[in-house]
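Please look through the structure below with its sequence at hand, and follow the explanation from the whole chain down to single residues.

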Amino acid sequence: MALHRDIFWVGRQWAVTGAGIQAVDQRLRGVLDIDIARLWDDTHVQSRRAKPGVNIEDFDKAVAVARERFPETPASAPFVAQPKALGVIETPVVSPVMPAMNLRAEGKLARFLPQWRVRRQ
């Protein structure tokens, strides 16, 4: 996978980008990359660190820079919207059901009614 367009730090083997930590060597095709969501998962990070051929000093620096750049968000704190603080105006709920079509041609000659056709694809 190509490097993300937002590059924050580049080392010899690793880069911190908008996608997380990515290997600079593109021949690996993103196998060792770490997404932002998995950046704080220590077992996942340590499994990538233990791979053969990984420059440990460069990897540790990339992890430190990435964790500083993307702080951990508490997963247990749900997002609660406060509509009044946002200035939301409440409106009544309108039924999503379409009204019935009124096709009335009573007392009119058919040749003076507008024509319509259903097109098939």
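Of the 121 residues that make up the protein, 20% count as buried. The accessible surface comes to about 10700 Å², and 56% of that surface belongs to carbon and sulfur atoms. What the reader sees is a predicted model, and its mean pLDDT is 80, with 83% of the residues reaching 70 or more. Among the elements of the protein, helix H3, residues 83–86, has the lowest mean pLDDT, at 73, while H2 has the highest, at 92.

When contacts with a separation of 6 or more are considered, 38% of them are accounted for by residues 24 or more positions apart.

Is valine 45 buried or exposed? Valine 45 counts as buried, because its relative accessibility is 4%, a value under the 20% that sets the limit for burial. Along the sequence, valine 45 and phenylalanine 59 are 14 residues apart, and in space their C-alpha atoms are 9.6 Å apart. Leaving aside residues up to four places away in sequence, valine 45 touches Ile34, Arg38, Leu39, Phe59, Val63 and Arg67.

Threonine 17 lies in strand S2, which covers residues 14–17, and threonine 17 is buried, with a relative accessible area of 0%. The side chain of threonine 17 is joined to the side chain of glutamine 22 by a polar contact of 2.9 Å. Beyond residues up to four places away in sequence, threonine 17 touches Leu3, His4, Asp6, Ile7, Phe8, Gln22 and Phe70.

Alanine 19 counts as partly exposed, because its relative accessibility is 24%, which falls between the 20% limit for buried and the 50% limit for exposed. The C-alpha atoms of alanine 19 and arginine 5 are separated by 9.0 Å, although the two residues are 14 residues apart along the chain. With residues up to four places away in sequence again left out, alanine 19 touches His4, Ile34, Asp35 and Ile36.

The charged side chains remain to be described. Side chains of opposite charge can pair when their charged atoms come close. How many salt bridges does the structure hold? The structure holds three salt bridges, and they can be taken in turn.

In one of them, arginine 38 pairs with aspartate 41, and the closest N and O atoms are 3.4 Å apart. Arginine 38 is partly exposed, with a relative accessible area of 39%, and aspartate 41 also counts as partly exposed, at 28% relative accessibility.

In another, the side chains of aspartate 42 and arginine 67 meet at 2.9 Å, N to O. This pair links distant parts of the chain, since aspartate 42 belongs to helix H1, residues 42–49, and arginine 67 to helix H2, 25 residues apart. Aspartate 42 counts as partly exposed at 46% relative accessibility, and arginine 67 counts as partly exposed at 21%.

The remaining salt bridge joins the side chains of arginine 49 and aspartate 60, with a distance of 2.9 Å, N to O. Here too the pair links distant parts of the chain, with arginine 49 in helix H1 and aspartate 60 in helix H2, 11 residues apart. Arginine 49 counts as partly exposed at 28% relative accessibility, and aspartate 60 counts as partly exposed at 35%.

Key
Residues are numbered from 1 along each chain as its sequence is written. Side-chain values use heavy atoms; hydrogens and water are left out. Helices (H or I, at least four residues) and strands (E, at least two) are DSSP runs, numbered from the N terminus. Buried means under 20% relative accessible area, exposed over 50%, partly exposed in between (1.4 Å probe, protein chains only). A polar contact is a pair of N or O atoms within 3.5 Å; within protein, one must be able to donate a hydrogen and the other to accept it, and residues adjacent in sequence count only if both atoms are side-chain atoms. Contact means heavy atoms within 4.5 Å. Accessible areas come from the Shrake-Rupley method with a 1.4 Å probe; for residues, only the protein chains shown count as cover. A salt bridge is a side-chain nitrogen of Lys or Arg within 4 Å of a carboxyl oxygen of Asp or Glu. pLDDT is the predictor's confidence in each residue, from 0 to 100.
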